[in-house]
Amino acid sequence: MDNHPSPDFRSQQFPSHSEPRVWLITAGDSPIGISVARQILAHGDYALLGLAHSVLDRDQRRRDGYDAFLAEVEEHRDEGWKQRLKSIPLDIRMMGECQSVFAEAVTTYGRVDMLLCCTSQALIGTVEELSASPHTLNLVRDQFEVNYFGPLNIIKAALPHMRREHAGHIMILSGIMAHIGTPGLGMYCAAGWALEGFCDSLAYEIAPFNVKLTILQCSIEIGILTNLVISVPPIFPAYSPANNSAPLFRGILNHLVPRLPEAQSEGVIGNATSSSWPTDQNENERVSSIESGPFSVPEIVAMHPPISSAHLEVLVSETVYAITSIGGHENPPSRHIVGQEGVASVKEKLKTVSEELEDFIQASFAVDVAADSDPPPIN
């Protein structure tokens, strides 16, 4: 765990290296991917960007952001940005596409020095809500396909090349939710925990080949607000705030998203109509549910949170600084927590776990004493 005072993010820093490095970024059209690509191109490195499978009615914001970045690349043509950038479609859920993209990077640039895996999405809903229908169960599977099996696919595609080259640095963009369970984010947390367990084990296996692995644990805002958010229909009134005291993450988003820039202009608020609610629900419950926010409508909601490009750049700046400062370092940390808020959260979690372990040890002592006693005679 590596924690330093907050740097000046306007001035990126890179580890020293003798020649330009080649980066493969799995989500090159994400705010993180675009910002990192901008920094490494300005630094003189090469970038191959994976472009996620796009759905027309939900991903327009992400496409617009990437188109704006390509326009910026054109403006820096004389500095060689366009010659050092290549993009290719990548569905990280498909092992074949991961192998093809990695082969394309090696064919184009001769090698891959840095693999940045930053593909993610967030599934919102309680465990019971996610079990409500075959559709929601498919969303659970897709959560793991994108957030867990996807990174495994691209890592497995990278390992043979990096092992032969006896060099390489794999960077996994994770979050503090991979250590801290959050009500309403059960599947998102579960996929994160699984990925970090895999990476912790992998790091030992690839160390003899001089291949490095770093997990970057970002704040919850980075993981949620910069990626696709999918919310399943809530079960009312069981999981309404009036009847359930658990601070469900849906409620946090319902309060946050309407306050985001461009939310009003894009019609994010008020899309639901009362006619879509079951007829056996009284009028007051319908109105109360609809007014509670865009993620409480009786249908599956999928959106990229409506944040302007300028605000996104500020939001991701600290994370991007960490990536560029650590990426390619001779002795990178195995795990880096980005931001003081994340550090405080993990410290609190570790304190809680320590207290629970003490209670467990005391309980185990009692069991051991009973087990070590002489057995009663058999009559």
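Two strands are taken to pair if DSSP finds at least two bridges between them. Helices (H or I, at least four residues) and strands (E, at least two) are DSSP runs, numbered from the N terminus. The model is a predicted one, so local features need pLDDT of at least 70 and side-chain atom pairs count only at pLDDT 80 or more, while totals for chains, interfaces and linings use all residues. Residues are numbered from 1 along each chain as its sequence is written, and side-chain values use heavy atoms, with hydrogens and water left out.

To start with the overall picture, the protein has eleven helices and ten strands. Of its 379 residues, 47% count as buried, where buried means under 20% relative accessible area, exposed means over 50% and partly exposed lies in between (1.4 Å probe, protein chains only). The accessible surface comes to about 18,800 Å², and 55% of that belongs to carbon and sulfur atoms; these areas come from the Shrake-Rupley method with a 1.4 Å probe, and for residues only the protein chains shown count as cover. As for contacts (heavy atoms within 4.5 Å), take those between residues at least 6 apart in sequence: 77% of them join residues at least 24 apart.

One piece of the fold is an open sheet of three strands, in the order β5-β8-β9 and with mixed pairing. The edges are taken by β5 (121-124) and β9 (301-303), each of which has a single partner strand, so one side of each is left without a neighbour in the sheet. From one strand to the next, the twist averages 10°, with axes being lines fitted to C-alpha atoms (for helices, over the stretch in contact) and angles running from 0 to 180 degrees between N-to-C directions. On one side, β5 and β8 run parallel and share four bridges, and Gln121 sits opposite Leu228 in β8. On the other, strand β8 (residues 228-231) and β9 pair in the antiparallel sense over three bridges. Here Ile230 has Ala302 of β9 as its bridge partner, and Ser231 stands opposite Val301. In a regular strand the side chains alternate between the two faces of the sheet. In β8, Leu228 and Ile230 point one way, Val229 and Ser231 point the other way, and all are buried.

Strand β6 (residues 169-175) is mostly covered too, with seven of its seven residues buried. His169, Met171, Leu173 and Gly175 point one way from β6, and Ile170, Ile172 and Ser174 the other way. Strand β4 (residues 114-117) pairs with β6 in the parallel sense over four bridges, with His169 as the bridge partner of Met114. β6 also pairs with strand β7 (residues 212-218), again in the parallel sense, over seven bridges, and there Met171 is partnered by Thr214. Together, β6, helix α6 (residues 186-206) and β7 make a right-handed β-α-β unit; a crossover is right-handed if, with the strands pointing away from the viewer, the path from the first strand over the helix to the second runs clockwise.

The loop between α6 and β7 holds Val211, which counts as buried at 4% relative accessibility. Leaving aside neighbours within four places in sequence, Val211 is in contact with Met162, Arg163, Ala167, Gly168, Ile170 and Ile206. The C-alpha atoms of Val211 and Leu159 are separated by 8.6 Å, although these residues are 52 apart along the chain. Another buried residue is His161, with a relative accessible area of 7%. His161 belongs to helix α5 (residues 134-165) and, not counting residues up to four places away in sequence, touches Phe102, Val106, Gly110, Arg111 and Val112.

Then there are the aromatic rings. Rings of Phe, Tyr and Trp (its six-membered ring) pair if their centres lie within 6.5 Å; planes under 30 degrees apart count as stacked, over 60 as edge-to-face and the rest as tilted. The count comes to three aromatic pairs. In one of them, the rings of Tyr46 and Tyr109 have centres 5.3 Å apart and planes at 55°, so the pair is tilted. This pair links distant parts of the chain, with Tyr46 in strand β2 (residues 46-51) and Tyr109 in helix α3 (residues 95-109), 63 residues apart. Tyr46 is partly exposed at 28% relative accessibility, whereas Tyr109 is buried at 15%. The rings of Tyr66 and Phe69 also make a tilted pair, with centres 6.1 Å apart and planes at 45°. Tyr66 and Phe69 are three residues apart in helix α2 (residues 60-75), so about one helical turn separates them, and both are buried.
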